[in-house]
Amino acid sequence: MEYKKRTENGSFGEPIKIGTGLSIDDQVASLGEQLAQEKIKGIQKDLLINSLGETVTQLKLEVMFLKGGGA
């Protein structure tokens, strides 16, 4: 957080930082990084689900073949 003191002539002076919080730009950058990480996790999850679906399909075909369903 920042605030500006008034100077002797009534205008605002330079901003003075209060506390140790991140600036707005730093917060936006941090949130952007977190969003990118979450998107990557989502893509990885989707790839895993697709891979598992393919594995299940392959196993079903193998079971059908073993039961005599394949020609």
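Glutamate E38 counts as partly exposed, because its relative accessibility is 46%, where buried means under 20% relative accessible area, exposed over 50%, and partly exposed in between (1.4 Å probe, protein chains only). The model is predicted, so local features need pLDDT of at least 70 and side-chain atom pairs count only at pLDDT 80 or more, while totals for chains, interfaces and linings use all residues. Residues are numbered from 1 along each chain as its sequence is written, and side-chain values use heavy atoms, with hydrogens and water left out.

**The helix and its salt bridge**

E38 forms a salt bridge with K41, in which the closest N and O atoms are 3.5 Å apart; the term stands for a side-chain nitrogen of Lys or Arg within 4 Å of a carboxyl oxygen of Asp or Glu. A search of the whole structure finds one salt bridge. K41 and E38 are three residues apart in helix α1 (residues 24-66), which means that about one helical turn separates them. Helices (H or I, at least four residues) and strands (E, at least two) are DSSP runs, numbered from the N terminus. V28 is also placed in helix α1, and this residue counts as exposed because its relative accessibility is 54%. Between V28 and L66, which are 38 residues apart along the chain, the C-alpha atoms are separated by 57 Å.

**The hairpin**

Strand β1 (residues 2-6) pairs with strand β2 (residues 12-17) in the antiparallel sense over four bridges, and two strands are said to pair if DSSP finds at least two bridges between them. Five residues lie between the strands of this hairpin, where G10 takes a positive phi near 95 degrees. R6 has F12 as its bridge partner in β2, and the charged end of R6 also sits over the ring of F12, 4.1 Å from its centre. A charge is taken to sit over a ring if NZ of Lys or CZ of Arg is within 6 Å of the ring centre and within 35 degrees of the ring normal.

| Pair | Separation along the chain | C-alpha to C-alpha distance |
|---|---|---|
| P15 and Y3 | 12 residues | 5.4 Å |
| I16 and Y3 | 13 residues | 5.4 Å |

P15 is partly exposed because its relative accessible area is 39%, and I16 is partly exposed because its relative accessible area is 33%.

**A nonpolar patch**

Y3, I16 and I18 make a nonpolar surface patch of about 230 Å². Patches are made of residues with over 30% relative accessible area and no salt bridge, with like charges joined within 9 Å and nonpolar side chains (Val, Leu, Ile, Met, Phe, Trp, Tyr) within 5 Å. The accessible areas come from the Shrake-Rupley method with a 1.4 Å probe, and for residues only the protein chains shown count as cover.
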